[in-house]
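These are my notebook entries on how the chains of one model meet each other. I wrote them in the order in which I looked things up.

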There are 4 protein chains.
Amino acid sequence: MSEVFEWSRPVEFYETDLAGIVHFSVFYRWMEAAEHAFLRERGVELHGGGLGWPRVGASADFKKPVKFGDVVRVKVWVEELRTRSVRYGFEILVEGDEGVRATGEMTSVCVDLESMSAVEIPEGIRGKLGK
Amino acid sequence: MSEVFEWSRPVEFYETDLAGIVHFSVFYRWMEAAEHAFLRERGVELHGGGLGWPRVGASADFKKPVKFGDVVRVKVWVEELRTRSVRYGFEILVEGDEGVRATGEMTSVCVDLESMSAVEIPEGIRGKLGK
Amino acid sequence: MSEVFEWSRPVEFYETDLAGIVHFSVFYRWMEAAEHAFLRERGVELHGGGLGWPRVGASADFKKPVKFGDVVRVKVWVEELRTRSVRYGFEILVEGDEGVRATGEMTSVCVDLESMSAVEIPEGIRGKLGK
Amino acid sequence: MSEVFEWSRPVEFYETDLAGIVHFSVFYRWMEAAEHAFLRERGVELHGGGLGWPRVGASADFKKPVKFGDVVRVKVWVEELRTRSVRYGFEILVEGDEGVRATGEMTSVCVDLESMSAVEIPEGIRGKLGK
């Protein structure tokens, strides 16, 4: 497991639904936003160098709602680094409260954007992800 | 003004916000969905033949909310057909109620997808839009 | 396992991303739309009678992309009916192609909207879901 | 015209479309996010004290695309303060480039959330908006 990276921003109004809470589909968008911020911080170019990172799987468990007015925090780390894919772990919290609101996992595959087929993660990127 | 085309579908839960109504940004998505259905019906290929239709402007006036449980109806017509652009008019209603919930306008420019610069609307498409 | 219900609609332009395919978060919205259409067809009121159905978990595996121009089809069925929750199974396909694009699961809990705590699924709803 | 407030954040992947640029509907969400950050900074509670601020109109002109990798900046100011409504002006830019990508306007009405009817903007809020 790599070091944990944290991404954070205020919940937006358009992310809520009529139940008065953040819609569950938004949690997957936050997970991706955190993944991308993590990759940028590690110096891994997204959709550059002819490579892309489509997801092959994503899951989340929702424990407690997140609401408008909250500042959401997403913790992300590399759970497992495989030859052609990387599996991330996630925890979603809100500022000022230690209780976990949701947990998640997401597996992204390294693909050649030309052929859209899975390729081995280049050594340079591998090193950046593995810390 | 062209003949009016109508597009319709049930409001989805993820389109609502915590005020209990459809979020205003969703109306622009419906307007685009109606525009695209209109173009498909007229036989105008979207993002085909090297041409695209980005918007240069869009506006809407919101008169009465639309809610979950409603079936939204969008009326769309060509308000003005110019050399390089087309301006659409919209009315948003819900099934079973004649009151207009919102009105809108949207201007799409015909662009060469390679150069992303505006080009004259080809004669063949022009004829399909002008009816 | 209940009978399979099917929901379908054209993919919208705003559901795509710069990789040229439907964004993975949209699949969860389609799963919810299919769930809601299924419940409506069974005569189960959504967010009525003081009950709501928030998700406690959702997962999906993405096998092949869905694109603009496709008509998406979502098959949904009750995988497991528990005392307080229902677990749905999903298959996402596109019209004219028998290959499964994604599979998913989603677990919704029956809650009292006042207290937001899980309650037993009322017998009347139970019967409608169990067929 | 009030002082200009600025809101900023990285463009997210899920905000792009298959044309490779940010979808036009997202600009309205950014405008709202900037409006809300502006109101928070002025100490105006959103959807608190029984008041809400639904939009009655919103328009935007799109001059140049915004892309993934950009950090979007939204400038917002009170263009006109009326008895029951406030009209905001917007400019959308990206970091490191002085060119305006889009301009917009949005009118929000002060409503009693109970009756959903327009009410006079309370004097306390009026003072906070008028600076």
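Entry 1, chains B and D. I looked up the contact between these chains, counting heavy atoms within 4.5 Å as contact, and found that 19 residues of chain B touch 19 residues of chain D. I note at once that this is a predicted model, in which local features need pLDDT of at least 70 and side-chain atom pairs count only at pLDDT 80 or more, while totals for chains, interfaces and linings use all residues. Residues are numbered from 1 along each chain as its sequence is written, chains are lettered from A and ligands numbered from 1 in the order in which they are written, and side-chain values use heavy atoms, with hydrogens and water left out.

Next I looked up the area buried between chain B and chain D, that is, the accessible area (1.4 Å probe) that two parts lose on being put together, summed over both. It is about 1700 Å², and carbon and sulfur atoms give 62% of it. I also searched for salt bridges (a side-chain nitrogen of Lys or Arg within 4 Å of a carboxyl oxygen of Asp or Glu), and the count between chain B and chain D is zero.

Helices here are DSSP runs (H or I, at least four residues), numbered from the N terminus. I compared helix α1 (residues 24-42) of chain B with helix α1 (residues 24-42) of chain D, and their axes come within 9 Å and cross at roughly 170 degrees. The axes are lines fitted to C-alpha atoms over the stretch in contact, with angles from 0 to 180 degrees between N-to-C directions. Angles over 145 degrees count as roughly antiparallel, and α1(B) and α1(D) are therefore roughly antiparallel to each other.

Which residues of α1(B) meet α1(D)? On the side of chain B I listed Phe24(B), Ser25(B), Val26(B), Tyr28(B), Arg29(B) and Glu32(B), and they meet Phe24(D), Ser25(D), Val26(D), Tyr28(D), Arg29(D) and Glu32(D).

Copies are superposed by least squares on the C-alpha atoms of residues with pLDDT of at least 70 in both. Chain B can be laid on chain D with an RMSD of 0.0 Å by a turn of 180 degrees and a shift of 0.0 Å along the axis. That is the relation of a two-fold axis. In chain B, the C-alpha nearest this axis belongs to Ser59(B), at 1.9 Å. I also noted that 100% of the interface residues of chain B are interface residues in chain D too, so the copies meet through the same surface.

Between chain C and chain A about 1700 Å² is buried, of which carbon and sulfur atoms give 62%. In chain C, Phe24(C), Arg29(C) and Phe62(C) lose the most area to chain A, together 29% of what that side buries. The count of salt bridges between chain C and chain A is zero.

How values were computed. Helix = DSSP H or I, 4+ residues; strand = E, 2+ residues; numbered from the N terminus. Parallel < 35°, antiparallel > 145°, perpendicular 65-115°, else oblique.
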